[in-house]
There are 4 protein chains.
Amino acid sequence: MQKVLNVGMVGYKFMGKAHSHAYAVVPKFFQPAAVPVMKAICGLYPQEAEAAAKTFGWEGYETDWRRLVERKDIDLIDISTPTDSHRDIAVAAAENGKHIFCEKPMAINLAEAKEMLQAATKAGVQHLIGFNYRRVPAIALAKKLIDEGRLGRIFHWRAVYLQDWIVNPDFPRVWRLEKAVAGSGSLGDLGAHIADLALFLVGDIASVSAVAETFIKERPLPTAATGLTAAGGKEKGKVDVDDAVIFMAKFKNGALGSFEVTRFATGRKNYNCFEINGSKGTIAFNLERLNELQFLSQEDDADSRGFRNIMVTEPTHPYVAAWWPPGHVLGWEASHINEVADLCDAIGRNVLPSPSFADGVKNQAVLEAAARSMESGKWEEVPR
Amino acid sequence: MQKVLNVGMVGYKFMGKAHSHAYAVVPKFFQPAAVPVMKAICGLYPQEAEAAAKTFGWEGYETDWRRLVERKDIDLIDISTPTDSHRDIAVAAAENGKHIFCEKPMAINLAEAKEMLQAATKAGVQHLIGFNYRRVPAIALAKKLIDEGRLGRIFHWRAVYLQDWIVNPDFPRVWRLEKAVAGSGSLGDLGAHIADLALFLVGDIASVSAVAETFIKERPLPTAATGLTAAGGKEKGKVDVDDAVIFMAKFKNGALGSFEVTRFATGRKNYNCFEINGSKGTIAFNLERLNELQFLSQEDDADSRGFRNIMVTEPTHPYVAAWWPPGHVLGWEASHINEVADLCDAIGRNVLPSPSFADGVKNQAVLEAAARSMESGKWEEVPR
Amino acid sequence: MQKVLNVGMVGYKFMGKAHSHAYAVVPKFFQPAAVPVMKAICGLYPQEAEAAAKTFGWEGYETDWRRLVERKDIDLIDISTPTDSHRDIAVAAAENGKHIFCEKPMAINLAEAKEMLQAATKAGVQHLIGFNYRRVPAIALAKKLIDEGRLGRIFHWRAVYLQDWIVNPDFPRVWRLEKAVAGSGSLGDLGAHIADLALFLVGDIASVSAVAETFIKERPLPTAATGLTAAGGKEKGKVDVDDAVIFMAKFKNGALGSFEVTRFATGRKNYNCFEINGSKGTIAFNLERLNELQFLSQEDDADSRGFRNIMVTEPTHPYVAAWWPPGHVLGWEASHINEVADLCDAIGRNVLPSPSFADGVKNQAVLEAAARSMESGKWEEVPR
Amino acid sequence: MQKVLNVGMVGYKFMGKAHSHAYAVVPKFFQPAAVPVMKAICGLYPQEAEAAAKTFGWEGYETDWRRLVERKDIDLIDISTPTDSHRDIAVAAAENGKHIFCEKPMAINLAEAKEMLQAATKAGVQHLIGFNYRRVPAIALAKKLIDEGRLGRIFHWRAVYLQDWIVNPDFPRVWRLEKAVAGSGSLGDLGAHIADLALFLVGDIASVSAVAETFIKERPLPTAATGLTAAGGKEKGKVDVDDAVIFMAKFKNGALGSFEVTRFATGRKNYNCFEINGSKGTIAFNLERLNELQFLSQEDDADSRGFRNIMVTEPTHPYVAAWWPPGHVLGWEASHINEVADLCDAIGRNVLPSPSFADGVKNQAVLEAAARSMESGKWEEVPR
């Protein structure tokens, strides 16, 4: 008899759509140890929640997340809401004995992230933090190559995550540009992703030095509620989060790191790129070409050495056997589907998935040190 | 009240998986005029058919396609089987008043393709031939740019479709390498796709001159039944289809065309690339980077003219608004999902989808002329 | 004592500039067995010839090539004139015991090319035909990899050479568009280059099938004499050479070849690209990125196999040790400089350089077969 | 009558070769207001100096730079020696009324650079600092586009200069790894170049924060004297310069800058890349593909906007008209040749070339601030 995992999800915007899609697709492509069942989606407004349930294929809906986390027929709580609500939902979910899948960034600050970890640990539930890019096959392959020692000693990590959606000064002051709701700007949104990849692929970070800028300090307040297409009115509001952040890092293993995130890189849409230089080779990746991994091996013959453009679409590559034949490329959403497949499998087998809340806390500690450094203008230790 | 489109599908291998996925996803991302309902899948062997129905989410299954096409509760027959069965299924479906979605290549030869068109036309049903690449957003954008006149007069079409899955001489003589079942080798499999794109983007073809080669003329007969992972035994069988075909074409509008397809391009996995040169600009595309379209406009300033790499992931681009935010790339399967969305919409609105069986017949006529030219060593007119 | 090679060159336009530059640079970067000395340049008009001599650094000039080839103080005659004069100059040079360096295409037709080879052979002089691209380091490396067996059995040759300099119908009918002077259009100009690379890298061609098109059949006659900037007047003249040619080929070793050349590929400037697929690997090259060679080796591990982008700028690569440190890229002119270095070295060591007139004759035979096929619409054997 | 510029050059290694080549080639491709004449090259050892003079085409040689700068028949002193000698030679040259062309980095520290500027200014001679990359046509085009306002307000500068020539721990401790001679490691060598490009393209830098690392702290002392092929012995010596430096910068105009240089990026040979994001567009460049410039214009139609890959080989592009037809790419050395052409022209017209020693001083000030920040761990103002 196949195990079943009953899911309740809070949130129905961008991440809500991506996760809903993932729960629906997983059973058709993967055989996880527990099969997800889409029990209920939760949103504030009954009409919208009902519509989302219908569109995405959830059995029902709730309008109060507190009711959802108390439902006996739910095993996993999926938190796909704005950052400032993560802590409360996660702690309540843990207290009700639910497994937890929480979107990134983990929390509004390090203290709250630690509370979440503590609550989940105490409750003995499983937990995953939503750094989906670890499940891009090319990045999973990068991890494998590094673990096999094919890069040797690592000298450099170099990453950027560039977008351009607020270059226009008429773009309104949506909630993502408000510190009280979002915690930070590009740092938590984009920086959290590349910090996670650095922690995943290179290792722990000892200290950072950061600089931030807010290029446009005031914007029209939104008249319509939300989304990238939100329109602005005549009244203006202050932007109190960072538009862009650069930070340098010293890894505990001696490597140097450079990171840059911005929402002001005209023409760059979702340009999440990194490069890792080691004594035996180099790896490079670009999310806008996510089916490809660049790999240079110093062990190749001198006359025919060069960056290999690996099409990560072979059955021998991570996750790919579940999908299509070679050369039939995957889309961005596959990272979420692979993630949910692993999550369901881990819960079904009763083991802790990765990255867990402990990884989320580590990530939050890096962001916290960066935020501190933006203020102090000095190097800041990453707190434990 | 939303219209419903009840679907019965024959076949459950590669295309069966892609189509099943598409029927399931369409209602979550699109609002077609008729919503597909996955009624029944059909396969020869009851156990496999039942398993496929369960995995992919079909309500039931059949083991005889004749039964399926006669079922009163089915509106659309999806033909995802090997080529030699297309004609019989399509004609029977038409005679039972079902709409038809048939995979490419349309038929084993031109005569059968014409029969299919005739039957469907006579029955007054809607029909679509499965040239899914027309629905890759970048290719739909290419079509739009051409229709707007942004390439001017077209001089050249240049296309290759390169794969490498049978370079190894130990790869067995599967049914795709048998003329009686497959009709042809790379010509019908890969050539049909790029011939369709040429007809779609440039226009009708007047005549062709072709050459074919079978590099490995004998292979081990398969011991296990199917798939790319099929193993071969000691006994050998003849390969009587083409491994590779090159053909040159004269379009009716005066443009020159070059086409090449092969299963012997080591390292090329699904390398479907084309370039179109016009008096005002050039377009280039590569299926392995299907979210990008190269476009050079002669109307740009001389000092800053260059091939633009358009990330076809903006809401203004065809199909993209239904998907993710800018820069969040789509995978190969999106071409099938977009296709099924359009198909359901056309049937719901009672209009003929495109490409219809008439386009399939045109395509088959080009393949037929190419096949004739391989034999004659001369230019052959494309028959009407 | 270092040997000296006294050079006399006929022609002072595009190739004259490239060759003059090469003779001047060679002694500074290479140590050929004979050092070139720039004795005299020859052109019809005294003023232009004198100016060219001064600019390019020739000791003197002549206005009659017959005088030049008779001069006792000249060892090597460099023929950088339009095609229709090659035969006469070469035969006269041979009869006067001069070594010969002749630009491509070799001659106006196969018969004249054979005469040239015969004359040079009879005279016992050394001869080189100017297929400079063999000396692009990346192409020399491709040759080495093939000779070492790293591609295995070769299945496919696929090449294009695309330009766009006559897309504009107002571009005048210069001599290159006149059959009597140029012999052919894109075929001899661009097709000769890629035919040479095919012969060099893959081997002899048995037969070809070709199609040609002249998209613009009449153009303004030039008012000023020459060059890409030539202006046209009101009177029009017929264009009787091909604007574009496609041809398919059967190699003697069983490989299939496809070739396409055009002057109507808007946006493509000097786009000379080829790909070779073998049983063990694939090579790809693009002249617009001439410091790079793409190489896929089927012998790489399955999980990390991919096209290697080899930066051909290492001291272990052909010709590179004479130039700059790794990563300091070379320009197009380096192909001519490397060529002249090898030519001077071969003559100094009294051996036949490669490609010799015998290779030029083979090349001309392929062009001749293609020209015949354009007329007949059939496959034509490459004559011996 | 054409003006003549008599040149004396100190140094005959890598830069000596590049500059010698440039002086020889300039008169053949350009018409500068003064034509360079290669009078004398200067090196410590008579045999090597004589050989260099002969190979590179200098009329004579000297073994004492003091004698060279005093020669009456010399107009321009070219300083192509290690950094620690720049100040003395430049000051002496100025005192003798010679124009000066000095390689980068300008000096061992800011104080010496200022002395050089002062001496040259006082003497009223012309001076150029050797930031040759400003004369790569693609970078000159980038400057033009920025000056025309096509990027709008600039938000971001992002640059890396990556090499890998000392990854191997057996590579010896050559003089470039010795602080007393080289001043610094990657900072002065590579950082000086990208700092210059930032100053050129974006503007003045207010402050910087830097971090440096020396990954391999001890290396074999060289047994043979010099060069990349230097061998090391058993004795070891300390490496007291930086292997890698990252620095962040605040520009005076409000833009943010990130810079990274290293000699430990395995597989990167001469990877000098930058990207500039402005409110109206973005520019990106890679020295290993130096004939190309990436440009995205926000003013393009939304549906066909994308990074344009401009082949900077058109006659309308900076410097290109002097060279070859479109698509015939230039090599790295062209940056030096274009530089020398401009230098000779400026001196011939009696105007100050650019970048002058004043730019060199600005550059040195940025490096000095970075070096200070490496020590302090804090942001440091760029001194005036």
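Two strands are said to pair if DSSP finds at least two bridges between them, and this is the idea needed for the first exercise on this structure, which is a predicted model.

**Exercise 1. The sheet of chain D**

Work out in which order the strands of the open sheet of chain D stand, and which strands lie at its edges.

*Solution.* Begin with the pairing: the open sheet has 6 strands in the order S3-S2-S1-S4-S5-S6 (chain D), and the pairing is parallel. Next, look at the two ends of that order, where strand S3 (60-62) and strand S6 (127-129) of chain D each have a single partner strand, so one side of each is left without a neighbour in the sheet. From one strand to the next, the twist averages 25°. As a detailed example of one pair, take strand S1 (residues 3-10) of chain D and strand S4 (residues 76-79) of chain D, which run parallel and are joined by 4 bridges. Within this part of the sheet, D:Val7 has D:Leu76 of S4(D) as its bridge partner.

**Exercise 2. Two helices of chain D**

Decide whether helix H5 of chain D and helix H10 of chain D run roughly parallel or antiparallel, and list the residues through which they touch.

*Solution.* Two packed helices are described by the angle between their axes and the distance between the axes. Here, helix H5 (residues 110-123) of chain D packs against helix H10 (residues 357-376) of chain D at an angle of about 170°, and the axes are 9 Å apart. Angles over 145 degrees count as roughly antiparallel, and therefore H5(D) is roughly antiparallel to H10(D). On the side of H5(D), the contact is made by D:Leu110, D:Ala113, D:Lys114, D:Met116, D:Leu117 and D:Ala120, while H10(D) contributes D:Phe357, D:Ala358, D:Gly360, D:Val361, D:Gln364, D:Ala365 and D:Glu368. Sorted by class, this contact of H5(D) with H10(D) has 9 nonpolar, 2 polar and 2 charged residues.

**Exercise 3. The two domains of chain A**

Find the bounds of the domains of chain A, and describe how domain 1 meets domain 2.

*Solution.* The domain assignment of chain A gives domain 1 as 3-133 and domain 2 as 137-289 + 291-330 + 362-376. Between the C-alpha centres of these two domains of chain A there is a distance of 25 Å. Turning to the boundary itself, 15 residues of domain 1 of chain A are in contact with 17 residues of domain 2 of chain A.

**Exercise 4. Chain A and its copies**

Describe the contact of chain A with chain D, and then state how chain A is related to chain C.

*Solution.* Start with the contact, in which 30 residues of chain A meet 30 residues of chain D. Several strands of chain A each supply at least two residues of this side, among them strand S7 (154-162) and strand S8 (205-213), and the largest share, 4 residues, comes from S12(A). By class, the side of chain A that touches chain D has 13 nonpolar, 13 polar and 4 charged residues.

Now consider the rotation that superposes chain A on chain C, which is one of 180° with 0.0 Å of shift along its axis and an RMSD of 0.0 Å. The two copies are therefore related as by a two-fold rotation axis. The same surface serves both copies, since 100% of the contact residues of chain A recur in chain C.

Terms used: Residues numbered from 1 in each chain as written. Chains lettered and ligands numbered in written order. Predicted model: local features only at pLDDT ≥ 70, side-chain atom pairs only at ≥ 80, totals over all residues. Domains from an automatic or database assignment. Contact = placed C-beta atoms within 7 Å. Nonpolar A, V, L, I, M, F, W, Y, C, P; charged D, E, K, R; others polar. Axes fitted to C-alpha atoms, helices over the stretch in contact; angles between N-to-C directions. Parallel < 35°, antiparallel > 145°, perpendicular 65-115°, else oblique. Least-squares fit on C-alpha atoms with pLDDT ≥ 70 in both.
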